[in-house]
Amino acid sequence: MTRILSSLAEIQDQYDALFCDLWGCVHNGVTAWPAAVAALQAFRAKGGRVIYLTNSPRPKPSVERQLDHLQVPKDTWDDLVTSGDAAQFALFSGAVGHRVLHIGPQKDRTFFTERGADMPDTEIELVSFEEAEGIVCTDLNDSVNENPEEYRGQLMLAKECGLKLLCANPDISVDVGERRQWCAGALAKFYEDLGGEALYFGKPHPPIYDLARRRLQALAGDVPEARILCIGDGILTDVAGGAGESLDTIFLTGGLAAAEFGPDVENPDAAMLERWLAGHQMAPAYSMGRLR
């Protein structure tokens, strides 16, 4: 059974490092949550390290700017690893070719232009569908008004052409304030359902955790696996990823699945939670309403 926590402080002495999700955990896409900020500040004040681990398709510098805009204090984290970082390495290594069609909004073009010093120096050209060797999906072109079904014709043709789709954000959906919208992961799954091949590099897949471990080691040396704790609200990304890496995880029930656990978002109903987790065949070590 998962242990329901009232606060991170209950268990923080058992861990030296956190791999903490951002959207739905520290902020809601509009503003930072004060209780989450205070919990992370307290963990770091006692010597812990915090690595933000996000399925954002944008590389680290772009997400850093977003955190500043959302007023997430810099003293809540030590480093930041994005799905975009892990997917970038695959892109510049030629995973889907060097002439690619981009599906996603203009703001995500930093995925192709901002690369870290450890990235291959291969050039990538953005081209039309007719010229593409592969597809890179960072999001829907208009995630507010579109849904994956609207891409059926284009994706069926892509499948017939044998194009691989690199998914820079495996999340299926995200809550922006009170509004839920689709993410790149929904489009990638739809492509697979149509018979196409999608490549993933964010949570729950190993590449993003490998990168997080390397950056943690650079900060703190070798941290035992048993002293690393994952935190997130996505059962198929954060919780499944932590389980796949054999890392303890706090499942934040007040995020994407908040409606499943009773009327009090901060305090999930234990019986409802256990039934829901059993239905998903997941057993996170801990659960908590919202990070605090």
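Two strands pair if DSSP finds at least two bridges between them. On that basis, Val100 stands opposite Gly134 in S7. The model is predicted.

**Around strand S7**

S5 and S7 run parallel and are joined by four bridges. On to S8, S7 is again parallel, this time with three bridges. Here Ile135 has Leu165 in S8 as its bridge partner. S7, H5 and S8 together form a β-α-β unit, and the unit is right-handed.

Is S7 covered on one face or on both? Both faces are covered. Gly134 and Val136 lie on one side, Ile135 and Cys137 on the other, and all are buried.

Helix H6 spans residues 184-193 and is mostly covered, with seven of its ten residues buried. The buried set is Ala184, Gly185, Ala186, Leu187, Ala188, Phe190 and Tyr191. What do these residues pack against? Their partners include strand S5 (99-103), strand S7 (134-137) and helix H5 (152-160). Strand S8 (164-167), strand S10 (179-182) and strand S11 (197-200) are also among them. After H6 comes Gly195, which has a positive phi near 105°.

**The seven-stranded sheet**

A second topic is an open sheet. Seven strands make up this sheet, in the order S1-S14-S13-S12-S2-S3-S4, and the pairing is parallel. Its edges are strand S1 (3-4) and strand S4 (79-82), each pairing on one side only.

S1 pairs with strand S14 (residues 286-288) in the parallel sense, over two bridges. Ile4 has Ser287 in S14 as its bridge partner. Helix H9 (residues 270-279) packs on the sheet. H9 touches S1, S13 and S14, and its direction makes about 120° with that of S13.

Helix H8 (residues 235-244) lies across strand S12 (228-232) and strand S13 (248-252). The angle between H8 and S13 is about 160°.

**Aromatic rings**

A pair of aromatic rings is described by the distance of the centres and the angle of the planes. Six aromatic pairs turn up in a search of the whole structure. Two of them share Phe251.

| Pair | Centre to centre | Angle of planes | Class |
|---|---|---|---|
| Phe251 and Phe261 | 6.1 Å | 85° | edge-to-face |
| Phe251 and Trp276 | 5.6 Å | 0° | stacked |

Why is the pair of Phe251 and Phe261 edge-to-face? The planes stand at 85°, and planes over 60 degrees apart count as edge-to-face, so the pair falls in that class.

Both pairs link distant parts of the chain. Phe251 sits in strand S13 and Phe261 in the loop between S13 and H9, ten residues apart. Trp276 belongs to helix H9 and is 25 residues from Phe251.

Are Phe251 and Phe261 buried or exposed? Both are buried. Phe251 has 0% relative accessibility. Trp276 has a relative accessible area of 16%, and the limit for buried is under 20%, so Trp276 is buried.

**Charges over rings**

Two arginines lie over aromatic rings. The charged end of Arg115 sits over the ring of Phe92, 3.7 Å from the ring centre. Arg290 lies over the face of Trp33, at 5.3 Å from the ring centre.

Note on methods
Residues are numbered from 1 along each chain as its sequence is written. This is a predicted model: local features need pLDDT of at least 70, side-chain atom pairs count only at pLDDT 80 or more; totals for chains, interfaces and linings use all residues. Side-chain values use heavy atoms; hydrogens and water are left out. Contact means heavy atoms within 4.5 Å. Axes are lines fitted to C-alpha atoms, for helices over the stretch in contact, and angles run from 0 to 180 degrees between N-to-C directions. Rings of Phe, Tyr and Trp (its six-membered ring) pair if their centres lie within 6.5 Å; planes under 30 degrees apart count as stacked, over 60 as edge-to-face and the rest as tilted. Buried means under 20% relative accessible area, exposed over 50%, partly exposed in between (1.4 Å probe, protein chains only). A charge sits over a ring if NZ of Lys or CZ of Arg is within 6 Å of the ring centre and within 35 degrees of the ring normal. A crossover is right-handed if, with the strands pointing away from the viewer, the path from the first strand over the helix to the second runs clockwise.
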